[in-house]
Amino acid sequence: MDQLMPGDGGRNPLEAWFWEMPICTRWWTTATVLVSALVQCQVVTAFQLFYSVRTVFGKGEYWRMITTFLYFGPFSIDLLFHVYFLQRYARLLEESSGRSPAHFSWLLLYAMVSLLCLSPLVSMPFLGHPLSSILVYIWSRRNPETRLSFLGLLVFTAPYLPWVLMGFSLVMHGTVPKDEIMGVVIGHVWYFFTDVYPPMHNGSRPFDPPNWWRRLFEGRRREEDATAIENEFAVGGGPELAAADVR
């Protein structure tokens, strides 16, 4: 019986892994897999997902500003590689930003707006890969002592990870990895103003989310916490029952 009813409520490992992810990482990963599945099943085509200024602002196809970050290609080993990096480093950054998703979602908004502005300059229609590269760069700079292994052959510390991936992409595709370079540039701007700049300027943090953005998430978090506490009291009989047990 114990084997049939594990401590995690009967969830299988994949389900447990999914629900353990922070909320932003969870739904970004889900949307990425779902979009690739829709393209694989020919419900939509890749031509309906890419970003270009003309199609978005000329034809009013505004959904492309979101779908460009969700499509990494058809089902393949390459897609699994991208999803792994996406969920791993997005999860690590989101978990380190605290219980509220306000800070991590603000980082995503900054990265997405920056990429949308720079995309026409480098003719890059799909922006999911450079968005992942931004997260990888920020995580690598914040964990300078972490040692990593690439393909079991090369061991290095975390700050070298973006450059190792850049070199690997150059060898595999034979072209300059513009997406990786964009990720490094945009990621470094965020890293500088959130980790380097504040100690040099009396704690000023210009890239922190504004109060109105925090209230969008933290107000909802407080409501969820209050509901959870009320449910616990309801199940346990409330403070009166607790006092009776003490007597």
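## Overall fold

The model is predicted. The protein chain contains 11 helices and 2 strands. Read from the N terminus, the order of elements is α-α-α-α-α-α-α-β-β-α-α-α-α.

The protein chain has 247 residues, and 38% of them count as buried.

## Annotated transmembrane regions

An unreviewed UniProt entry lists residues 27–50, 62–84, 104–127 and 148–172 under "transmembrane region". Two of these spans can be set against the model.

Residues 104–127 are 79% helix and 0% strand. The end C-alpha atoms of this span lie 18 Å apart.

## The largest pocket

The largest pocket holds about 710 Å³ of space. Its lining comprises 27 residues. Those nearest the pocket centre are H82, H129, S169, H173 and D179.

Which elements each supply at least two residues of this lining? They are α5 (77–96), α7, α8 and α9. By class, the lining of the largest pocket splits into 14 nonpolar, 9 polar and 4 charged residues.

## The cavity

The count of cavities of 30 Å³ or more is 1. The volume of the largest cavity is about 30 Å³. The residues lining the largest cavity are S133, V136, Y137, P162, L165, E180 and V184. Two or more lining residues come from each of α7 (128–142), α8 (161–173) and α9 (178–200).

Helix α7 gives the largest share of the cavity lining, at 3 residues. The lining has 5 nonpolar residues, 1 polar and 1 charged. Helices α7, α8 and α9 also each supply at least two residues to the lining of the largest pocket.

T32 sits in helix α2, which covers residues 23–40. Is T32 buried or exposed? The relative accessible area of T32 is 0%, so this residue is buried.

Leaving aside residues up to four places away in sequence, T32 touches L70, F72, V83 and L86.

## Cysteines

How many disulfides does the structure hold? The number is 0.

C41 has a relative accessible area of 58%, so C41 is exposed, the cut-off here being over 50%.

## Positive phi in two loops

Q42 is not a glycine, yet it has a positive phi of about 60°. Q42 lies in the loop between α2 and α3 (53–58). Q42 counts as exposed because its relative accessibility is 71%.

N202 is another non-glycine residue with a positive phi, in this case about 55°. N202 belongs to the loop between α9 and α10 (211–236). With 84% relative accessibility, N202 counts as exposed.

Definitions and conventions:
Residues are numbered from 1 along each chain as its sequence is written. This is a predicted model: local features need pLDDT of at least 70, side-chain atom pairs count only at pLDDT 80 or more; totals for chains, interfaces and linings use all residues. Side-chain values use heavy atoms; hydrogens and water are left out. UniProt positions are given in the numbering used here, feature names are shortened, and annotations may be inferred rather than shown by experiment. Helices (H or I, at least four residues) and strands (E, at least two) are DSSP runs, numbered from the N terminus. A disulfide is a pair of cysteine sulfur atoms within 2.5 Å. Buried means under 20% relative accessible area, exposed over 50%, partly exposed in between (1.4 Å probe, protein chains only). On a 1 Å grid over the protein atoms alone, a cavity is a set of points where a 1.4 Å probe fits but cannot get out, and a pocket is an open set with protein on both sides within 12 Å along at least five of seven lines; lining residues have an atom within 4 Å of a point. Grid points are joined across faces, edges and corners, and a volume is the space filled by probe spheres set on the points. Ala, Val, Leu, Ile, Met, Phe, Trp, Tyr, Cys and Pro count as nonpolar, Asp, Glu, Lys and Arg as charged, and the others, Gly among them, as polar. Contact means heavy atoms within 4.5 Å.
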